[in-house]
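Please keep the sequence and the structure in view while reading.

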Amino acid sequence: MTTAETEYSSQGKALSLAVIRLLKGVIYQDDDPGLWQKIINLQPRIRDYVAVMGLTFQIDESEGYAWLATLEEDEDTTPLPRLMNRRQLSYPVSLLIALLRRKLAEADTTGGELRLILDREEVINLMRTFLPQSSNEARLVDQIDGYLNKVAELGFIRRLRDQRDKIEVRRIIKAYVDAQWLNEFDQRLQDYLRHITPDYDQPGINEDAD
């Protein structure tokens, strides 16, 4: 095998590895710096490779993550089968995602650590305001844990291995919940609070409002 063929073979393996890992989920720079560098170098080839599957390659180098999304097609074309199915989220799960996105926005504004890590108890208290009151505290906590598990399945959070009560908000959430969506959800939350609390007249959602 010539030097050129060996180099091509090496790049082909790197491309295959990068695409396979992307098909499995979001790639973070911090999780695998070596793979991240391969992705940086192979961006054009990755983009062309996944396009034939009806996917688009997305990367945010400043935030340090990359992922695949379904290409939007014209209405008059026959759509390809979706590799990644759309998911209809329940209100509590959508609420939790929005609240976590807001916490990340606040952390970025204060210029703190790049990683946002929250206590499980803090997340429970964030959700408590917007859920029906329950006399069974254990059941309420179990419900919120279930919502957290769903958000983790979507890749927006992960529990720390050595501290299960610590939850890291993954930065990919910014790609799915932009500022406009968050503002619109804010308004719906305010309307909801006014409905369940007639005396509520504070700006924003709660103490977490911008």
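## Elements and basis of the model

Helices (H or I, at least four residues) and strands (E, at least two) are taken here as DSSP runs, numbered from the N terminus.

The model is predicted, and local features need pLDDT of at least 70 while side-chain atom pairs count only at pLDDT 80 or more, although totals for chains, interfaces and linings use all residues. Residues are numbered from 1 along each chain as its sequence is written, and side-chain values rest on heavy atoms, with hydrogens and water left out.

## Nonpolar cores

Buried residues (under 20% relative accessible area, with exposed meaning over 50% and partly exposed in between; 1.4 Å probe, protein chains only) make up 38% of the 210 residues in the protein. A nonpolar core is a set of buried Ala, Val, Leu, Ile, Met, Phe, Trp, Tyr and Cys residues joined through side-chain atoms within 4.5 Å. The largest such core has 36 residues, of which L96, L100, M127, I144, V151 and I173 touch the most other members. At least two residues each come from β3 (65-70), α4, β4, α5, α6, β6 and α8 (179-196), and α4 gives the most, with 9 residues. A second, separate core of 16 residues includes L15, V19, V50 and A66.

## Helix α5

In helix α5 (residues 120-128), the residues R120, V123, I124, L126 and M127 are buried. Seen down the axis of α5, these buried residues fall within an arc of 160° (taken from the directions from the helix axis to the C-beta atoms), so they line one face of the helix. Their cover includes α4 (91-110), β4 (116-119), α6 (137-153), β5 (157-160) and β6 (163-169). Leaving aside neighbours within four places in sequence, M127 is in contact (heavy atoms within 4.5 Å) with P92, L95, L96, L99, I144 and Y147.

D165 lies in strand β6 and counts as partly exposed, at 48% relative accessibility. Not counting residues up to four places away in sequence, D165 touches L118, D119 and R120. D165 and E122 are 43 residues apart in sequence and 9.9 Å apart in space, C-alpha to C-alpha.

M53 is found in the loop between α3 (43-51) and β2 (55-60), and at 31% relative accessibility M53 is likewise partly exposed.
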